[in-house]
Amino acid sequence: MSKLLIVGTVAFDAIETPFGKTDKILGGAGTYIGLAAEKFGVDSAIVSVVGGDFPQEYLDLFQQKNINTEGLEVVKDGKTFFWSGKYHNDMNSRDTLETQLNVLADFQPVVPKSYKNAEVVMLGNLHPLVQLSVIEQMNSPKLIILDTMNFWMDNTLEELYQVIAKVDVITINDEEARQLSGEYSLVKAARKISKMGPKYVVIKKGEHGALLFHENEMFFAPALPLEDVFDPTGAGDTFAGGFAGYLTQTNDTSFENMKNAIIYGSNLASFCVEKFGTERMIDLKSNEIDKRLKVFKSLTQFKIDLN
């Protein structure tokens, strides 16, 4: 079985949307990626750090979901990374109310020996130097996927360039693609970003789907129109986890299979937003995933006579 190494935050979130609010709940990019990738039955491990305040029940959850936690450092006298945010009525924009780096401020990732040979590496949104450190600890992975955000473009651009040059796939949203490339057209933006290193560029457009670019080829996957969106937190990370999990399971990194990975990632992200935090992903069943995949297929399939 192919191995997947996941790097990203394991955190506490406090979320407020027009539909309600939560106290501290389980969150973090690494958590969402892991819970999504788990749906593909892959051998995965998570590299992250938490404090002594992180509940044992959450650590047990990772074990129950077959997510290896050898690389999840627990700093007994420290506090876990915490983020608090409030979403606007359109659910596309939000305000960060509070960020506490806590143990994440001094995080030095250590990849478990048994996962240094992982075929796929999913670098969740973290400081570029942390991501770079993980790459340098690996033994020639088949595929490295990078997720990043505008914060790192604003504050650590040179370090981010170093990471981008070493990855095979980059996933960012449309706003970030424009900022990174300096181009408004997403086609031009993807072309410019690919010259920085990645063979594949995935541009996420939230409720408007996702684009995949590779050389002169392009693919678009819509987002499934949903009746209920309660909390968009973690949707992008869930997409990345589904994308990485599917590619790990199939062991196929061709452009054609990347298309399928985009659909699987989008499918899982559509579930994530239906409840607060990780609740929906924890309880999600395989028959629900398959049923919604059929909806995705019917949404995008059509017959047309071009003769």
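## Salt bridges

A salt bridge is a side-chain nitrogen of Lys or Arg within 4 Å of a carboxyl oxygen of Asp or Glu. By this criterion, 10 salt bridges are found in a search of the whole structure. The structure is a predicted model, in which local features need pLDDT of at least 70 and side-chain atom pairs count only at pLDDT 80 or more, while totals for chains, interfaces and linings use all residues. Residues are numbered from 1 along each chain as its sequence is written, and side-chain values use heavy atoms, with hydrogens and water left out.

One of the salt bridges joins the side chains of Asp147 and Lys204, at 3.4 Å from N to O. Asp147 belongs to strand β11 (residues 143-147) and Lys204 to strand β13 (residues 200-204), so the pair ties together parts that are 57 residues apart in sequence. Helices (H or I, at least four residues) and strands (E, at least two) are DSSP runs, numbered from the N terminus. Asp147 and Lys204 are both buried, a term for under 20% relative accessible area, with exposed meaning over 50% and partly exposed in between (1.4 Å probe, protein chains only).

A further salt bridge, of 3.2 Å from N to O, links Glu256 with Lys259. Both residues lie in helix α9 (residues 255-272), 3 residues apart, about one turn of the helix. Glu274 and Arg280 also meet through their side chains, at 2.9 Å from N to O, and both are buried. Together with Glu288 and Arg292, Glu274 and Arg280 are linked in a network of salt bridges.

## Packing of α6 and α7

The axes of helix α6 (residues 174-181) and helix α7 (residues 186-194) come within 9 Å and cross at roughly 60°. That makes α6 oblique to α7, the class left once angles under 35 degrees (roughly parallel), over 145 (roughly antiparallel) and 65 to 115 (roughly perpendicular) are assigned. Axes are lines fitted to C-alpha atoms, for helices over the stretch in contact, and angles run from 0 to 180 degrees between N-to-C directions.

The contact (heavy atoms within 4.5 Å) is made by Asp174, Ala177, Arg178, Leu180 and Ser181 of α6 and by Leu186, Ala189, Lys192 and Ile193 of α7.

Asn102 has a phi near 50°, a positive value in a residue other than glycine. Asn102 is located in the loop between β9 (94-100) and β10 (120-123), and at 28% relative accessibility it counts as partly exposed.

Ser140, likewise not a glycine, has a positive phi of about 50°. Ser140 sits in the loop between α3 (128-137) and β11 and, at 71% relative accessibility, counts as exposed.
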